[in-house]
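Have the viewer open as you read.

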Amino acid sequence: MNAIKELPDELISQIAAGEVIERPASVVRELIDNALDAGATQITLRLLAGGVRSIVVEDNGTGIPRAQLTLALKRHATSKIASLTDLESLNTMGFRGEALAAVSSVSDMSITSQTADQPHAWRIDARTGEVSPAARSTGTTIDVRELFFSTPARRKFLKTDATELAHCVEAARRHALARPDVAFAIWSDGKLHDQWLVTTHPLARMAQVLGDELAVKCLALNHTVGTASMTGFIGTPDVARARADQQYCYVNGRFVRDKVIGHAVRQAFSDVLHGARQPVYVLFVTIDPARVDVNVHPTKIEVRFRDSRDVHSVAYHAVQNALAAPRSGAESPAVRPELATGVSANLGFDRLSPNGEGLSPSGFSSQTYRPDYSQQGRLHINEAAALWPPAPMQPSSLQPSSLPLATLATNDEMLESWTLGRAIAQLQGIYVLAENAQGLVIVDMHAAHERIVYESLKNQLEGPASQRIASQPLLVPATFAATPEEVACAEAHAQTLVQLGLEVSAFSPKTLAVRAVPASLLNGDAVALARTVLANLAEFDNADSAQALVAQARNALLSSMACHGAVRANRKLNLDEMNALLRQMEVTERSDQCNHGRPTWRQISIKELDALFMRGR
Ligand SMILES: Nc1ncnc2c1ncn2[C@@H]1O[C@H](COP(=O)(O)OP(=O)(O)OP(=O)(O)O)[C@@H](O)[C@H]1O
Ligand SMILES: [Mg+2]
């Protein structure tokens, strides 16, 4: 083995740079961090060949005085902290004094900067250290050329220019979403690639960066638990994606990937998301800087919380609450004034101060975006569930008087005020068509009813009074030939079955009798229901008996019960029954998605209909 030798400074820097600068996008991230720390309100990014040939970041921040240009390039030289305790009240992106040194050690870099009080700007060439007069207005331009030219091994790992460009743009998006008060422009190979103007509202910035459709289909949230609070937006389940590529999470304004928050959000979405779909979100956690450690990862993408339980809880409840409220009607521009009026809208979003205070957008509340359901005198979900669907025998023979909700629904004026509107027809035995102030509403009857039944079952089981599902004895017990396993399972779980609103007992050694079923599932096939429940219970037994009580397993069971009880396709409904279904959806939590995460209803606006018929308005 060779003798131990001290490494030369340049090599030390290059090795250290390897941790911080992985690809052109890392340079973009660091340079925009610096521009924001300097109080810039306008940041321009210019890329050549996806940033591999050149990355230029221009800002209108405070600039670097000539006397400090050399120091800015030195390792461990920073203007942002002076002691370890400063880290506990950090309100800047930077703190290590390492980024510029790292970038300059693996590229050909120069800084041109002008402050408010110098007669002209100065430029420093990082390679030679030479300082020369230059011209530019107050602010800083950092010019990075030929990244990794001195470290060919690293250069080999770069992907195509198009891929590197996409990563650079993504790095800029991450900053832009958190700072609507800063204008961004991105140029690629001489062409304007993206431009995000200053806006006063984070939702307007979200529309600019992630698209209008998402901004319209998202829910605002705002929640506090202990030392942590969370604001932001989540996409409704129907804009969920196949990839987790639109999940933005910020802690005190810094973009992070955090397991605790990620887990909480996934858990909150679990009941409404279809299959492996990935939710879309932009979430801002605000927490006392003393209670979060930002110094745990070389690229600062991870943080560590002192109170990770609070953080988990705030994220879970913020998302869960936002998802729970039925959103019927929330997609109309009428309730999204900040989008209708575009970037000029001001809904009380606190402007961010340039020094980074109040980095997290705050001052907007979920109330702004959603109609207030409490005002409409709606029924509690359990009352509503008891009224629909009508008795199984002959839907058309039902007297409206036997359906208080339906009677109420014949009043035209009342219908105007209901968000899902007034039923007008049934289509192909599958869809209910309704008319509301925005236009046409289409409801997937089975999917919607399935959610209503499911939520009602959950509510009954969780209800403080009963903690069991209301059951209804069958006039004639339904018997079926059962396997020995099914008979054993029915005996072993008699107690659980009662809780679930079922009464299943042995009629003979090989026959089971269903004597009672949940009142809200009276419509369904009692035998099929009992078989499903027994199969589910047997499965839990095999997995782990304690599992049976776990909420998730229980919800899966209730969900399959709901499917049995929900109204089937091809069932003819009259208008009163259809209206009653709409009213129930409006009072049911999470009613915008069926139990499998598919949407239960869609709005087609008059504008869209007009467009179909090329009708100018
Ligand atoms: N765009 C800029 N405008 C004004 N000053 C800047 C700019 N970029 C860098 N500086 C100055 O140069 C110093 C060094 O920047 P550098 O990015 O290397 O370190 P840092 O931001 O302090 O910490 P970190 O390594 O965590 O980013 C900064 O502390 C700041 O004073
Ligand atoms: Mg920095």
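**Labels and their cut-offs**

Q: How many aromatic pairs does the rule give, and what is the rule?
A: The count comes to four aromatic pairs. Rings of Phe, Tyr and Trp (its six-membered ring) pair if their centres lie within 6.5 Å; planes under 30 degrees apart are stacked, those over 60 edge-to-face, and the rest tilted. This is a predicted model, where local features need pLDDT of at least 70, side-chain atom pairs need pLDDT 80 or more, and totals for chains, interfaces and linings use all residues. Residues are numbered from 1 along each chain as its sequence is written, chains are lettered from A and ligands numbered from 1 in the order written, and side-chain values use heavy atoms, leaving out hydrogens and water.

Q: Why is the pair of Tyr-250 and Phe-255 called edge-to-face?
A: Tyr-250 and Phe-255 have ring centres 5.7 Å apart and planes at 80 degrees. The distance is within 6.5 Å and the angle over 60, so the label is edge-to-face.

Q: What makes Tyr-250 and Phe-284 a stacked pair?
A: Their centres are 5.1 Å apart, with 20 degrees between the planes. That angle is under 30, so the pair counts as stacked. The pair links distant parts of the chain, 34 residues apart: Tyr-250 is in strand S11 (residues 247-251) and Phe-284 in strand S13 (residues 281-287). Helices (H or I, at least four residues) and strands (E, at least two) are DSSP runs, numbered from the N terminus. Ring pairs also join Tyr-248, Tyr-250, Phe-255 and Phe-284 into a cluster.

Q: Why is Tyr-250 called buried?
A: Buried means under 20% relative accessible area, exposed means over 50%, and partly exposed lies in between (1.4 Å probe, protein chains only). Tyr-250 has 1%, so it is buried. Phe-284 also counts as buried, at 1%.

Q: What makes Arg-66 a charge over the ring of Trp-122?
A: The rule asks for NZ of Lys or CZ of Arg within 6 Å of the ring centre and within 35 degrees of the ring normal. Arg-66 lies over the face of Trp-122 at 4.4 Å from the ring centre. Lys-300 does likewise over Phe-95, at 5.1 Å.

Q: Is Lys-300 buried or exposed, and how do you know?
A: Lys-300 has a relative accessible area of 4%, which is under 20%, so it is buried. Lys-300 sits in the loop between strand S14 (292-293) and strand S15 (304-305). Its phi is near 60 degrees, a positive value in a residue other than glycine.

Q: Why is Gln-428 called exposed?
A: Its relative accessible area is 65%, over the 50% mark, so Gln-428 is exposed. Gln-428 lies in the loop between strand S16 (422-427) and strand S17 (431-436), and its phi is near 55 degrees.

Q: Which residues come nearest to ligand 1?
A: Thr-78, Ser-79, Lys-80, Glu-98 and Lys-300 come nearest, out of 21 residues around ligand 1. A residue is near a molecule or strand if one of its heavy atoms lies within 4 Å of it. By class, this shell has eight nonpolar, seven polar and six charged residues. Here Ala, Val, Leu, Ile, Met, Phe, Trp, Tyr, Cys and Pro count as nonpolar, Asp, Glu, Lys and Arg as charged, and the others, Gly among them, as polar.

Q: What makes the side chains of Asp-37 and Lys-80 a polar contact?
A: A polar contact is a pair of N or O atoms within 3.5 Å; within protein, one must be able to donate a hydrogen and the other to accept it, and sequence neighbours count only if both atoms are side-chain atoms. Asp-37 and Lys-80 are joined at 2.9 Å. Asp-37 is in helix H2, and its side chain also reaches the backbone nitrogen of Gly-94 at 2.8 Å. A polar side-chain atom of Lys-80 in turn lies 2.6 Å from an oxygen atom of ligand 1.

Q: Why is helix H7 (residues 202-210) called largely enclosed?
A: Eight of its nine residues are buried, so the rest of the structure largely encloses H7. The buried residues include Pro-202, Leu-203 and Leu-210. Gly-211 follows H7, with a positive phi near 105 degrees.
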